[in-house]
Amino acid sequence: MSKTPDDPARLCEEARRLAENGEADRAALLFQEVLALGDTPVRAQAALGLAVVLDDSGDVAGAREADRVAIQAADPEYGPRAAYHLALTHERAGEHAEAGRAWQVVVDFGNPAYLPPAFLALGRLADDAGDFETARGHWEEAIGTGDPEYGPVAAHDLAQRLLERGEPVRAQRVLTAGLKVIDRESAPYAYARLAVALGISCLDQAIGAFGAALGDDDAVADPEVGPLATELLARTLPLRGRGDEAREVWRRGLSDPGVSGQVRARLRRDFGGDDEDADPADLWWEPVVESAVSDGSLPAVAGEAFGALDHMYALLAVRYADGPAADPAPAETHDLLGRAIRVPSDYLWGPLLHESFAERLRMATGTPARSLPPGWPDA
């Protein structure tokens, strides 16, 4: 009985159904039967189906050969899909040059549906090879497709490289273009990723502008804008992980006799205190705090200070917790101890210190009888 012209299409559809049902061997045989029929309208489709089935079964070499058959058929839909699949097999094997050639075949087919991932992949391959200009061209082409999935990824990749090269303004343009193709409702994380990168690029641009206002290390700061530029630069640099540079900016400002007074005032703007004319030297710890702010070590200094306070408090509070009856010292000494350990009560963190000591005392003695009453020592 002779086959009808529709046989190749029916065979291809049956092979596809078998593959979806997990009958890979039978599917492969049917796909091969379609290919044996020669140049049929479904030749590329059958070749791609065979490539996928063989790849899934571990026959990568056979899969690649089937992909090439599909590509040679020059079908506008299944040809680029086969080149896409071929590129993935090479990427998986770490064969970057071969993968690049396959992705270029995808591009050459010109099917808009497959251009965005191909441009993105070519950009990353060029970037891995150290060819930034070629990578940039491919990334820009991916962004230009307006694809909401691959365009933003390309924008992020390109912007990262531009920031590393000290080109924040160009990075901003790229990221802005990337944000335009994202549907924020359906892809909130992708939108947030680009939005954060855009903010970083703005920070880098600001750092460049503030640094330009101050000039090089030997330049005398403008007394009108120099202190402001010093503060803005010194407070922005740590946001980009450049704490060492921030310390140097403060040091330079404080050593410039023309602006040092204003720089010091800006450095100390968050120190508190109502008396603007007070001499910082009147408080022994003010120089320590000022130095800690300028070199970025304030959290460490605060931790040391609280640790020392906690230790001293515990030494006093243990004696006071025993009560006046157990204390051989005069009553005024016991009263003095109470006044000392109640000093923290006037600060926001004071109750935390009291509660911490009470809990440690209970755990150390291991008996509820030694538990301090609620609100101690103020109650």
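**A buried aspartate and the helices**

Author: Asp 55 has its place in helix H3, residues 43-56; helices here are DSSP runs of H or I with at least four residues, strands are runs of E with at least two, and both are numbered from the N terminus. The model is a predicted one, in which local features need pLDDT of at least 70 and side-chain atom pairs count only at pLDDT 80 or more, while totals for chains, interfaces and linings use all residues. Residues are numbered from 1 along each chain as its sequence is written, and side-chain values use heavy atoms, with hydrogens and water left out.

Is Asp 55 buried or exposed? Asp 55 is buried, because its relative accessible area is 14%, and buried means under 20%, exposed over 50%, and partly exposed in between, with a 1.4 Å probe and protein chains only. The side chain of Asp 55 makes a polar contact of 3.1 Å with the side chain of His 85. A polar contact is a pair of N or O atoms within 3.5 Å; within protein, one must be able to donate a hydrogen and the other to accept it, and residues adjacent in sequence count only if both atoms are side-chain atoms. When neighbours within four places in sequence are left aside, Asp 55 is in contact (heavy atoms within 4.5 Å) with Val 60, Ala 63, His 85, Thr 89 and Arg 92.

The loop between helix H2 (24-36) and H3 holds Thr 40. Thr 40 is likewise buried, with a relative accessible area of 13%. Apart from neighbours within four places in sequence, Thr 40 is in contact with Pro 8 and Val 34.

Not counting residues up to four places away in sequence, Leu 50 touches Ala 28, Phe 31, Gln 32, Leu 35 and Ala 66. In the largest nonpolar core, which has 59 residues, the residues with the most contacts inside it are Phe 31, Leu 50, Trp 103 and Leu 158. Such a core is a set of buried Ala, Val, Leu, Ile, Met, Phe, Trp, Tyr and Cys residues joined through side-chain atoms within 4.5 Å. Helix H7 (residues 115-128) supplies the largest share of this core, eight residues. A second, separate core of 15 residues includes Leu 237, Ala 246, Val 259 and Val 293.

Val 293 is also one of the buried residues of helix H15 (residues 286-295), together with Glu 286, Glu 290, Ala 292 and Ser 294. These buried residues of H15 pack against helix H13 (243-255), helix H14 (260-267) and H16. Gly 296 follows H15 and has a positive phi, near 75°.

Helix H18 (residues 350-365) has 16 residues, which at 1.5 Å a residue should span 22 Å, and its end C-alpha atoms are 23 Å apart, which agrees; the expected span is 1.5 Å times one less than the number of residues. Gly 350, Leu 353, His 354, Phe 357 and Leu 361 are the buried residues of H18. They lie on the same side of H18, because they cover an arc of only 100° around the axis, the arc being that of the directions from the helix axis to the C-beta atoms. The buried residues of H18 pack against helix H16 (298-321) and helix H17 (331-341). On the face turned away from the buried side, H18 carries the exposed residues Leu 352, Glu 355 and Met 363. Just after H18, Gly 366 takes a positive phi of about 70°.

Charged side chains complete the picture. Side chains of opposite charge can pair when their charged atoms come close. A salt bridge is a side-chain nitrogen of Lys or Arg within 4 Å of a carboxyl oxygen of Asp or Glu, and by this rule the count comes to 27. Arg 360 and Asp 310 meet in one of them, at 2.7 Å from N to O. This pair links distant parts of the chain, with Arg 360 in helix H18 and Asp 310 in helix H16, 50 residues apart. Arg 360 counts as partly exposed at 34% relative accessibility, and Asp 310 counts as partly exposed at 21%. Within helix H9 (residues 150-164), Glu 164 and Arg 161 lie three residues apart, about one turn of the helix, and they form a salt bridge with the closest N and O atoms 3.1 Å apart.
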